Amino acid sequence: MPNSHPTTLLAEVTHRCPLHCPYCSNPLEMNRASEELTTEAWKRVFTEARELGVLQLGLSGGEPLVRPDVEELAAHARALGLYTTLVTSGVGLTERRAARLREAGLEHIQISIQDSDQAVADRIAGMSAVPQKLAAAAIVRSLGFAFSINVVLHRANIDRVSEIIEMAASLGADRIELANTQYYGWALENRQSLMPTRSQVEAAGAVADEAIARYRGRMQVLYVLPDYHEAYPKPCYGGWGRHYLVVMPDGRTLPCHGATHITTLRFDSVRDRPLRWIWEESPAFEAFRGDAWMREPCQTCPRKEVDFGGCRCQAFALTGEAANPDPVCTLTPLRRIIDTAVQEATGPPDYRYRVLTPTSERA
């Protein structure tokens, strides 16, 4: 049983989405609409999460706005005292829906933007979505929501970090998250096309550092480091099963949004088990808590209290064993896997991505 409680729940209410971004963090085999939890089931999950101590809720997807019950879900979350964020592409966020969400008590909206260059943004998204995103941003500001912009960085857009930050400022964002691509799932499938060069990463980091200082007090600029270019792994979500819960559209419950890629684990569903049991007792959540599971050099490394061995999803994706050290770590011989991938990242973007055919109504 864990000695901590979850603070954040990411509710992936659907995998349906009009976009087909090549770095999508959703599973390669996504849930169909017929598999999604009902409105009442989601409300029960939110109630159980609040009873566990959860304070923050993300309504995510896919594109959550394809579900007509998002307003009802937001109202229920508000009644429970959850601080709720809608994580959206902006496609489908009309003034009417935004006003209803505001009335329901939704506090925060995060809109994803693919690039400041519209042509590249359209190629990445797989559709012409920029006008809808800009209109959605204006609506969000006019209604007084807390407003964040998320941009996934990769080889095709990382050279325009400065322009992207200025775009976010011009749209009135309170916060911009510059998230370097994490390579598992669809992103791992497209790694050779997405991976930026080391010089690109270094230049983007310098731009972000300058913007963090310049916009302090006006707009929060968050730069998520690219772990392939770091010496040590990040403490993924503060450690496996310590603070974070993800419930997929079909009810399977995970300690992080990439965990479905670990095919050696079985993740229990809220259809079959209470959320408390899943958090406190399920084998999947217990699998990598503590340090008994760790292999060398992690087991005797003082950094195990800092990064908890790194990302289990990345270890599985790159080595086939989730208990192996995260290959990002330079203290393990597995680091050669990362070094090889970085060395192969050369040249301009070629846009040859493997993606799921976009649809908002996957049957």
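Lys43 touches Glu72, Leu73 and His76 when residues up to four places away in sequence are not counted, contact meaning heavy atoms within 4.5 Å. Lys43 belongs to helix H1 (residues 39–52); helices (H or I, at least four residues) and strands (E, at least two) are DSSP runs numbered from the N terminus. With a relative accessibility of 16%, Lys43 counts as buried, where buried means under 20% relative accessible area, exposed over 50% and partly exposed in between (1.4 Å probe, protein chains only). The model is a predicted one, in which local features need pLDDT of at least 70 and side-chain atom pairs count only at pLDDT 80 or more, while totals for chains, interfaces and linings use all residues. Residues are numbered from 1 along each chain as its sequence is written, and side-chain values use heavy atoms, with hydrogens and water left out.

Aromatic rings come next. A pair of aromatic rings is described by the distance of the centres and the angle of the planes. Rings of Phe, Tyr and Trp (its six-membered ring) pair if their centres lie within 6.5 Å, and planes under 30 degrees apart count as stacked, over 60 as edge-to-face and the rest as tilted. By this rule there are six aromatic pairs. In one of them, the ring centres of Trp240 and Phe288 are 5.1 Å apart and the planes stand at 90 degrees, so this pair is edge-to-face. Trp240 is found in the loop between strand E7 (220–224) and strand E8 (244–247), and Phe288 in the loop between helix H11 (283–286) and helix H12 (304–307), so the pair ties together parts 48 residues apart in sequence. Phe288 also pairs with Trp293: their centres are 5.1 Å apart and their planes at 80 degrees, so this pair too is edge-to-face. Together, Trp240, Phe288 and Trp293 form one aromatic cluster. Trp240 is buried at 10% relative accessibility, Phe288 is buried at 11%, and Trp293 is buried at 14%.

Rings also meet charges in this model. A charge sits over a ring if NZ of Lys or CZ of Arg is within 6 Å of the ring centre and within 35 degrees of the ring normal. The charged end of Arg289 sits over the ring of Trp279, 4.9 Å from its centre, and that of Arg303 sits over the ring of Tyr232, 4.0 Å from its centre. Tyr232 is placed in the loop between E7 and E8 and is partly exposed, with a relative accessible area of 35%. Leaving aside neighbours within four places in sequence, Tyr232 is in contact with Arg303, Asp307, Val328, Cys329, Thr330 and Leu331. Tyr232 and Leu331 are 99 residues apart in sequence, and their C-alpha atoms are 8.1 Å apart in space.

Where does Thr332 lie? Its place is in the loop between helix H13 (312–319) and helix H14 (335–343), and at 6% relative accessibility Thr332 counts as buried. Not counting residues up to four places away in sequence, Thr332 touches Pro297, Pro325 and Asp326. Pro283, 49 residues from Thr332 in sequence, is 27 Å from Thr332 in space, C-alpha to C-alpha.
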